[in-house]
Amino acid sequence: MTSVKITDLVKDYTLRSGLKRTRLRAVDHVSLELTPGRTVALVGESGSGKSTIAKILTRMERPTSGTVEVRLDDGTPVPNGHYRREVQMVFQDPFASLNPFHSIEHHIARPLKIHGRTQSQEDTRARVLEMLERVNLTPAEAIAPRRPHELSGGQRQRVAIARALAPGAQVLIADEPVSMLDVSIRLGVLNLLGRLQREDQLAVLYITHDLATARHFSDEIVVLYRGRVVERGPSDAVILDPHHDYTKLLALAAPDPERPGRVTSEAAVDRKAIDNSTCYDHFAGEWREAAAGAKAAVSAD
Ligand SMILES: Nc1ncnc2c1ncn2[C@@H]1O[C@H](COP(=O)(O)OP(=O)(O)OP(=O)(O)O)[C@@H](O)[C@H]1O
């Protein structure tokens, strides 16, 4: 089993417009831990830095500063060559993430072979079918030869999940895994992720805009605002007893069947105050100082 510890992560992008260069701080001194059998939900509006953290975790981006430590049960770091096997990602768009020219079997056989998980052709075939069954794509023999366009969005996302787990991944980064799916099938895919997590004791980072599913499918919620953590704690505590104005704003904007109407006005929330605010930590039961530099999210070079 594998754990991830992110410490004081910062990611700056340099934006160029003509001769002018601007620094944008996408991730601002974020620390969090992913441990086996637990899901941490990273919530925040568009542009708050969620995907940037996912990209750094999966080594698609390098951090400007800070560390990402991925360790095995005995505390030893995951060897560099095994990192991609251990840490896998499920992307938001199941239509773009699968290659239209390859069969479903190819998509799952490839990581099995690359990461040395099979001994022979027959073994590969048997494991592909086993993975398809694990994600409820049955009959697996009928699904395996199909191409992605012959499957529904939900089925494609199940293939993407099977592909992510095929190398034996222990850490799963799920970046808005159901937001592009029809509302009616979202729950099925999230339940599947929950079951696989329990069976394999995966450490999961669930990235979402949606506080309701974050509460239901995660143990801990970390609320991100402009790259900065503004509230964190056990899921129920963050949702039922939000302390930070930004979390309250997210909660108000979320549809709630028990509360008629939907708040779309931000009039009640002072964004300037949020910019200058500290972070509420439910684990510690106290407000903590915002990270140094947090107030300068965008600055000219
Ligand atoms: N490659 C890049 N170059 C420059 N700026 C970037 C790059 N990638 C992301 N950004 C900026 O960094 C900030 C954080 O973006 P990010 O995609 O991490 O947010 P997000 O919370 O995942 O948003 P969404 O929910 O829309 O995916 C945004 O202001 C974005 O425009």
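This is a predicted model: local features need pLDDT of at least 70, side-chain atom pairs count only at pLDDT 80 or more; totals for chains, interfaces and linings use all residues.
**Entry 1: the ligand shell**

Residues are numbered from 1 along each chain as its sequence is written.

I then listed the shell. The ligand is surrounded by Y13, L15, L24, A26, G44, S46, G47, S48, G49, K50, S51 and T52. The elements that give two or more residues are β1 (2-17), β2 (20-34) and α1 (50-57). Helices (H or I, at least four residues) and strands (E, at least two) are DSSP runs, numbered from the N terminus.

I sorted the shell by class: four nonpolar, seven polar and one charged residues. Ala, Val, Leu, Ile, Met, Phe, Trp, Tyr, Cys and Pro count as nonpolar, Asp, Glu, Lys and Arg as charged, and the others, Gly among them, as polar.

**Entry 2: the whole chain**

I found eleven helices and twelve strands in the protein chain. Buried residues make up 39% of its 301 residues. Buried means 20 or more other C-beta atoms within 10 Å of the residue's own, exposed means 12 or fewer, and partly exposed is in between; C-beta atoms are placed from the backbone.

Residues 24 or more positions apart account for 66% of them. A contact needs two C-beta atoms, placed from the backbone, within 7 Å.

UniProt lists residues 4-251 for "domain: ABC transporter", in an unreviewed entry. Such annotations may be inferred rather than shown by experiment. Over residues 4-251 I read 37% helix and 28% strand. The end C-alpha atoms of that stretch are 28 Å apart.

**Entry 3: confidence**

I noted a mean pLDDT of 89 for the protein chain, with 89% of its residues at 70 or more. pLDDT is the predictor's confidence in each residue, from 0 to 100. Residues 260-265 are below 50, and this stretch has three contacts beyond near neighbours in sequence. Residues 292-301 are also below 50, but here the model has 17 such contacts. For the complex, the predictor gives an ipTM of 0.97 and a pTM of 0.90.

**Entry 4: helix α3**

Which residues of α3 (104-114) are buried? I found I104, H107, I108, A109, P111 and L112. Their cover includes α4 (121-134), α5 (140-143) and α6 (153-165).

H106 is partly exposed, because 15 other C-beta atoms lie within 10 Å. H106 and V128 are 22 residues apart in sequence and 8.8 Å apart in space, C-alpha to C-alpha. Just after α3, G116 takes a positive phi of about 60 degrees.

Most residues other than glycine have a negative phi, and most peptide bonds are trans. I looked for exceptions.

D8, in strand β1, has a positive phi near 55 degrees. D8 is partly exposed, because 14 other C-beta atoms lie within 10 Å.

N136 is in the loop between α4 and α5. Its phi is positive, near 60 degrees. N136 is partly exposed, with 16 other C-beta atoms within 10 Å.

P139 lies in the loop between α4 and α5. A cis peptide bond joins T138 and P139, with omega about -5 degrees.

Terms used. A residue is near a molecule or strand if its C-beta atom, placed from the backbone, lies within 6 Å of it.
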